[in-house]
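Here's a quick briefing to read with the model open beside you. Take a look at the fold first, then work through the points below.

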Amino acid sequence: MTLSFVPLTPLERGQLHVIRLRAIRTALILLAAAIAAEIFVPDLPMHGVILGPVLLLALWITVFAPGRRWRRWGYAFTGSELHVEYGLLTRVHTIVPVLRVQHIDVSQDVLERLFGVATLVLHTAGSDGNIVVLPGVSRTTAEEIRDAIRQRIGSAAHD
Amino acid sequence: MTDAGAAPRRLHILTVIMRFVKRAPSTLVVPPLALGFMGREFHPVLAFGAFAAIAAAVIVSTWLGWWCFTYTIGEEEVLIQHGVLRRERRSIPRGRIQDVSIERGPFARIFGLALVRIETGGGKAEEGELDSVSLAEAERLRALLRSYHPVATVVAGDEPANAEPVRRTVYAMSLGRVLLRGVFGFSMLWLAAIYGAIHSLDRVVKFDWEKWFGEAERVAIAQFSLLALALVLVVALLLGVIAGIVRTLLRDYGFTLTHEPGRFRRVRGLLTRSEIVIADRRIQLGLVHRGAISGRLGWNTVAVQTLGGSDDPTGRQELAPFATAEEAAQVIAATPLPPFERIGLRPVAPAHILRSAFRHGLPVALAFGIAGWFLPLLWWGLLLVPVSVVIALFQRSHHRYALRDTSLQVMRGVLSQRDWIVPFESIQTLTVRRSWLQRRLGVATVRVDTAGASGMHRPDVTDAPLDAALALAQALAARVD
């Protein structure tokens, strides 16, 4: 259930693959460490005391968690505000008033480029929440939002 | 704004060589030597091979990084693009640029280069950095970017140069007031430190006595130790009070806050007189704080949070450290902030009591519960759990908020109380957070992010009913425009 501010748009399907591939990368590192621990830690009570739980964890973060996390993300651009919502356990909904934006980044790493998504980063002058990140939008959407914000700030600065 | 130079430019090519030289110690010296010494003796061929390979790799990667970094000064924005694999485009609207600084480290001076930093008033990491361009280009950029925003210079030029500014004292501390504050400035930390020092001394003394007087004196020593303990406590308490007074005297002696058009000037200190200037327009929010004991006796601390600048790293500045309620109101009235009004504040949801009890009681219970396993004496600490639960019962009636004409006002705290005044124009972002427990209880926390905040305390509205939290966040966001 989303908060009843504005109707939120889900992220691109490609972002689900990005989240999953990143999770697989993390899971592989964890599994490698667990296997190494199984081999090199002496006096284990039985085989699998380390590998077992890690396997379960890896299963969760690669199979079950990505879809849930992806579904929790949502955003809305109203012209004067950008809303970003995310979070599985703690639900977070951030509102960035466009007039408070200091500058804007649009970035794409290799994985994101592969699946045709981009990350929009808004910087404000705040202290804790000064960087608001919106991943998993198409590059055109990211650039459209960026241009709209830039135009809005530009016209406000001329007043 | 005739020549904006809209074509993308690269940094100075010498940057590649400068970075190569800067990175040399960590890349070109240590790894080849480490490789060379890997066996029992030094392998010069291996070391040289590694050196050549790493040098080539570093040069290529540095050059690639340089090639992919471009900046464009457009009509409306500065666009910085960089990244070989991860392409990043940063656009800085020109209206947002606060200042352009030029830095020249020792290497940059040798190469005749300069680092240009485009400051936007955000955090340090989010600014535009051009590392490095030629000195001439740096000066051209600075002139070009500053020309867009002539407001600051106009304001400065408006003031008549010869007229004496009207300056009035808003708040001042007499010697008596400083000493009184010193008494409350007594800190538990001092007590612990002094007590620890004396206790270890006491142990040495005891050891020596046992050695010199033998078994027969045991009982006498035990009694003496008890007496000594009591004495040490009293002495430590006294020393703590004295230390607090001395520290406060050194810092706050002659505290004077004056206001002249556009800014505050604060002077204080006994041995080092410090003078700071706080411009009215840099004030982000106001905070009135009452300590657990001094606050009950009617003493307030007024502080303002200012836009993080190089001269005030702490963010918040004390305007009046030890003021009566009336004096505190006068200080607030001298700032552009609206007054804090107690009437009409709304309480948060009753669920706040439950969550406060959890948040304050659980860590205490856990800490002493676990510590008790190792040192059974610490089980007694569990007696503090009911105390924090009782305090939690009062948390809700002390946590209230209201939306005024121009500001959000929040009060919070049972023992140590804080009143916040957050003008709408200071609000940067708004966040509605709901943890797992909060979702079950149907409440939410509204976080209000402002510039220059630091430390633990924030003007958040914790555990408001969900619909009220949503309405608050929405109303605040709408008022930013």
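Helices (H or I, at least four residues) and strands (E, at least two) are DSSP runs, numbered from the N terminus. Axes are lines fitted to C-alpha atoms, for helices over the stretch in contact, and angles run from 0 to 180 degrees between N-to-C directions. This is a predicted model, in which local features need pLDDT of at least 70 and side-chain atom pairs count only at pLDDT 80 or more, while totals for chains, interfaces and linings use all residues. Residues are numbered from 1 along each chain as its sequence is written, and chains are lettered from A, with ligands numbered from 1, in the order in which they are written.

**A helix pair in chain A**

- Helix α1 (residues 13–40) of chain A packs on helix α2 (residues 51–72) of chain A at an angle of about 175°, and their axes are 9 Å apart.
- α1(A) and α2(A) are therefore roughly antiparallel to each other (angles under 35 degrees count as roughly parallel, over 145 as roughly antiparallel, 65 to 115 as roughly perpendicular and the rest as oblique).
- Sort the residues of this α1(A)–α2(A) contact by class and you get 17 nonpolar, four polar and three charged (Ala, Val, Leu, Ile, Met, Phe, Trp, Tyr, Cys and Pro count as nonpolar, Asp, Glu, Lys and Arg as charged, and the others, Gly among them, as polar).

**Where A meets B**

- On the chain A side, 40 residues are in contact with 41 residues of chain B (two residues are in contact if their C-beta atoms, placed from the backbone, lie within 7 Å).
- β3 (91–97), β4 (101–108), β5 (118–124), β6 (131–137) and α4 (139–158) of chain A each put at least two residues into the side that touches chain B.
- That side of chain A splits into 16 nonpolar, 16 polar and eight charged residues.
- β4(A) and strand β4 (residues 87–93) of chain B run antiparallel and are joined by five bridges; A:Q108 has B:R87 as its bridge partner in β4(B).

**A sheet built from both chains**

- Six strands make an open antiparallel sheet in the order β1(A)-β2(A)-β3(A)-β19(B)-β20(B)-β21(B) (two strands pair if DSSP finds at least two bridges between them).
- At the edges sit β1 (74–77) of chain A and β21 (461–465) of chain B, each pairing on one side only.
- From one strand to the next, the twist averages 20°.
- Three bridges link strand β20 (residues 443–450) of chain B to β21(B) in the antiparallel sense, and B:A444 is partnered by B:A464 in β21(B).

**Inside chain B**

- Chain B has 13 helices and 21 strands.
- Seven of its strands form an open antiparallel sheet in the order β14-β13-β12-β18-β17-β16-β15.
- The edge strands here are β14 (316–323) and β15 (346–347) of chain B.
- Helix α9 (residues 325–334) of chain B packs on this sheet, touching β12 (283–290), β13 (300–306) and β14 of chain B.
- Helix α10 (residues 351–374) of chain B packs with helix α11 (residues 384–398) of chain B at an angle of about 155°, their axes 8 Å apart.
- That makes α10(B) roughly antiparallel to α11(B).
- The α10(B)–α11(B) contact has 10 nonpolar, six polar and one charged residues.
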